[in-house]
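Biologist: Thanks for sitting down with me! Could you walk me through this model, one question at a time?

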Amino acid sequence: MKCTKKYRIAYTDRAKEIVGRLTLEQKVSLMSGSISLNDMLVDMQDNKHYNYNPYPAGGIAEEGIQPVLFCDGPRGVVCGKGKSTCYPVSMCRGATFDTELEERIGKAIGREIRAYGGNLFGGVCINLPYNPGWGRGQETYGEESFHLGQMGSALVRGVQEENVIACVKHYAFNSMEISRFKVSVDCDKRTEREVYLPHFKECIDNGAACVMSSYNLYKGTQCGHHDYLLNKVLKEEWDFDGFVMSDFVWGIRDTVEAANGGQDMEMCCTLLFGDKLVEAVRDGRVPEEKIDQSAIRIMRTILAFTEADNRIYDKSLIGCKEHVALALEAARRGITLIQNKNNVLPFKKDKGSRIVVLGKLANKENTGDYGSSRVYPDYVVTPLQGIAREASESEVIFNDGSNLEHAKRLASEADCVVFVVGYDHDDEGEYVSEDKSSGYTGSIGGDRVDSLGLHRDEIELIREVGPVNSNSAAVLIGGNMIMIDEWKDCVGAILMAYYPGMEGGTAIAEILFGKVNPSGKLPFVIPVKESDLPRVNWDTTSQYYEYYHGYAKLEKEGIAPSVPYGFGLSYTDFKVYDADFSVGKDEITASCKVKNTGSMDGAEVIQLYVGFSNSGVDRPVKLLRGFKRVEVKAKKEKKVTITCPLEKLKYYNPETEQWELEHMEYEVYIGTSSDNRDLLKGTFRI
Amino acid sequence: MSSYIYEAIEHDKRFPAKIFTTSIGKSSYHWHYDYEMMLVLKGSVILNIFPESCIMKTGDIALVNSKTVHGLSKTNEDNICLFIQLKQELFENWQDKNQNYRYYLNSAVNKVEPKVPYATFIRNAALIGLEYEGKHLSNFYRIKALLYTLIADLFEYTHYDIREYSDKSATVEESDTLLKILEYIDLNYYSDNITEELCSMIGMCEKTLYRFLKRHTDLTVKELVISLKIEKAQFLLSSTEKPINTIAHECCFGNDKTFYRIFKKETGVTPMEYRLHGSNVEKNKQVQGYLSFSKNEAIELMKRML
């Protein structure tokens, strides 16, 4: 990456010099978006859509300073229609546990943004879902802070490799959708520092040059005005050199509070900054010093990135073959096999065999929500199309399953049955308001307020029709955890497909019929009961986030999950052995051998967990602190080494306001899921 | 006599459908690419869609799906039926050209009930039939609208299966194969080794041939041969005075006993009973001769179904 923090800092003097000769009005003009609300609405009515073109902000033509040109994500680049590559949603990419792949996706996204004429990617979403019912869970990578930090950083590095600014969002505590404009989140200091902020810091440490503040409030203060979060933590403690932008239109509520609170840029229209901000400076309510700081941050970043290269990115890059192949690769690696009774999968696809596909989602182009992350690709391969192509010599029959007797008859005459069930954009996703006219994306979405399970009719379908033919698989479509216990015994295999992108149907079919060996791992825990998870009031003005959530909560409370965090099956068998653990000056090192003892090439995600049972304070039983995806050919073995800095073993002491390393014996685990039965254990002492 | 015929339907030049009312005597097993909607306006008819057959009475409606082998025959009652034959192109999905649809709509069998009363479909079919009798430009546009309404109703109100192809344009060949198979059976039904001969002619193994026929016609070679022989026998029984053992021999049933057993099993009556009474719903009634139906009567009947 050329535009590292060091490189950007080198632009400080020039930025200061330019800012020094600008008028107050010019400086303030750098600090907000220049598209009008009306322009946005026209786009939506004119057979285009939100962010059809990159949204500009700032820029001073007479000084040759380019505006920020914002392109949303993360499913790909939101601009254009029928062109961009649509990748699997972040949750599916999170399930790959493959940072190298995510970095390549970042580069490909960066290239498409450049081809659209943009220079900023607003799609590095790393919010941690306190509860998986969050409607926009699909835009993030999973429930685990360490994993979020690693995956988000990979995307940042990839995007910025192409000299496109990566914007990390939504800072912070943004994991409720319906209440996002009104909810104030509260939590204790350790929860804040250990659970909800470390992944943001990780991305900053990896060079992210922009941060988007969130809509919600934290401890009663709008995050877009939050002096503590923006000035103290982000800019001072973390020494962030880039700039902050607000979430769109409703991200700041007050000119003075926002400017003084550390907000650098109002997006994506000028409503509270602009003239109002100039006036506030003239009235002495906002010190001009604040404006200078913001202007320098923006100027420095934009200069560094826009002057980094003279490369021309041709429009033909948008949705090109290589990028679409990458979308397919991500789906192949992310889709997660979580049950495979009697090895029903992979299915055979003999000539003339009959494959029955049930459930309306099989015949639907379904790449995720219809909010600000919606990408408009040239085509989408549905699960049904994927199956028909992969099993081209079989008879592929689809029925929506709404008539159970008929579905049973079809299933009884089939060689195998595939249920495609789960969600679409109506069930979950970005939500603006009940009054759609005030929304800028026209989305419905929202949180999963009623249930984290399948729809009643889908549960009934699987429960009634599943037992008719044991050669069956359920393919789950959705952006986050879906409950399975009510019906899992009625079906042979369960494949979590997330929203697998424009080539998702292809990948699903390749896995169902064994062309591709699944290797995804769940980036969340599946509990037996929803009540095992933290409780959330989705429609509220205040929500407390407890220290524990997800697998750490279940494990702390001694509750066995239905499927553990980090779990995923393969068509081959892996043996993990010869574990070795050692402590160095700054890091711990864990290694093991992975042998593919089966007959099919495959990939395994080796995970490193550290346990804190000897801690003097309340800490999780264990936490993920490293992972590596390895491909191992049949009958071959590989040695895997994972390191973890001691820095990552610390806890935050709210008394001293310091990160502290406990001197004690730690447990350390290496293996294939968070379940102790899948892990080899050791100890080390610090 | 060719029984398993592929029927090439001549559509109206003005729209992609053929609409007509007729009285059914006997329509032997055949298939076509069109979807065929039939509404019984008067009396009753027997609709055979292997392996099931049903008696459709006045007011019954059924859709015979594309490429489905089917046959019709009269009962002892006079009948008048409305047929609407719909070109496959009407069902083309512009979003996915690789799909074929199989709708479940048959009020006589009512195996998979539609989501609205059958009356919705009956009314629309009758309207199409009536508009067809009109001569104005408005009738022409009305028919087009009603045809599309009918298809919309099928998608919205019936349960249907989708057959998804990898590449439908490459499967045209498959239909030609079916046609070849049916023709071959029609001409060679008497052969003892018909399955083997078919396999070598088409280049399929026995299992593939079985699957292929099941998929397209829901019938096996053996079933196809038997129903063909029965049909020939029925023709000879009713149109000639040949002795039954001669007919059994001519239709390759081997001996009288086998002929008797199979005929009774397939038609429910013995060959002699068939010769005397035909295959009737109410066997005690006198077989009525074929009557040409009156167009005016058909129109009046359709009006009553609105």
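Biologist: Which side chain does a polar contact of 2.8 Å join to the side chain of B:Ser44?

Modeller: A word on conventions: this is a predicted model, where local features need pLDDT of at least 70, side-chain atom pairs count only at pLDDT 80 or more, and totals for chains, interfaces and linings use all residues. Residues are numbered from 1 along each chain as its sequence is written, chains are lettered from A and ligands numbered from 1 in the order in which they are written, and side-chain values use heavy atoms, with hydrogens and water left out. A polar contact is a pair of N or O atoms within 3.5 Å; within protein, one must be able to donate a hydrogen and the other to accept it, and residues adjacent in sequence count only if both atoms are side-chain atoms. By that rule, the partner of B:Ser44 at 2.8 Å is B:Thr75.

Biologist: Is B:Ser44 buried or exposed?

Modeller: B:Ser44 lies in strand E5 (residues 44–49) of chain B, and its side chain also makes a polar contact of 2.6 Å with that of B:Glu77. Strands (E, at least two residues) and helices (H or I, at least four) are DSSP runs, numbered from the N terminus. Buried means under 20% relative accessible area, exposed over 50%, and partly exposed in between (1.4 Å probe, protein chains only). Because its relative accessible area is 1%, B:Ser44 is buried.

Biologist: What share of the residues of chain B count as buried?

Modeller: The secondary structure of chain B comes to 10 helices and 11 strands. Of its 306 residues, the share that count as buried is 52%.

Biologist: How much area do chain A and chain B bury between them?

Modeller: Contact means heavy atoms within 4.5 Å, and 23 residues of chain A are in contact with 19 residues of chain B. Buried area is the accessible area (1.4 Å probe) that two parts lose on being put together, summed over both. Of that area, 47% is on carbon and sulfur atoms, and the total is about 1,700 Å².

Biologist: Which residue of chain A forms a salt bridge with B:Arg211?

Modeller: A salt bridge is a side-chain nitrogen of Lys or Arg within 4 Å of a carboxyl oxygen of Asp or Glu. The rule finds one across this interface. Its closest N and O atoms are 3.4 Å apart, and the partner of B:Arg211 is A:Asp415.

Biologist: Which element supplies the largest share of the side of chain A that touches chain B?

Modeller: Across the interface the rule finds 10 residue pairs in polar contact, both residues being at pLDDT 80 or more. Helix H15 (383–390), strand E12 (395–399) and helix H16 (404–412) of chain A each supply at least two residues of the side that touches chain B. The largest share, five residues, comes from E12(A).

Biologist: Which residue is the bridge partner of A:Ile397 in E11(B)?

Modeller: Two strands pair if DSSP finds at least two bridges between them. E12(A) and strand E11 (residues 159–164) of chain B pair in the antiparallel sense over four bridges. In E11(B), the partner of A:Ile397 is B:Arg163.

Biologist: Which residue caps the N-terminal end of H8(A)?

Modeller: Helix H8 (residues 189–196) of chain A is mostly covered, with seven of its eight residues buried. Among them are A:Arg190 and A:Tyr196, and the cover includes helix H7 (145–161) and helix H10 (227–237) of chain A. At the N-terminal end, a side-chain oxygen lies 3.2 Å from the backbone nitrogen of A:Arg190, and the capping residue is A:Asp188.
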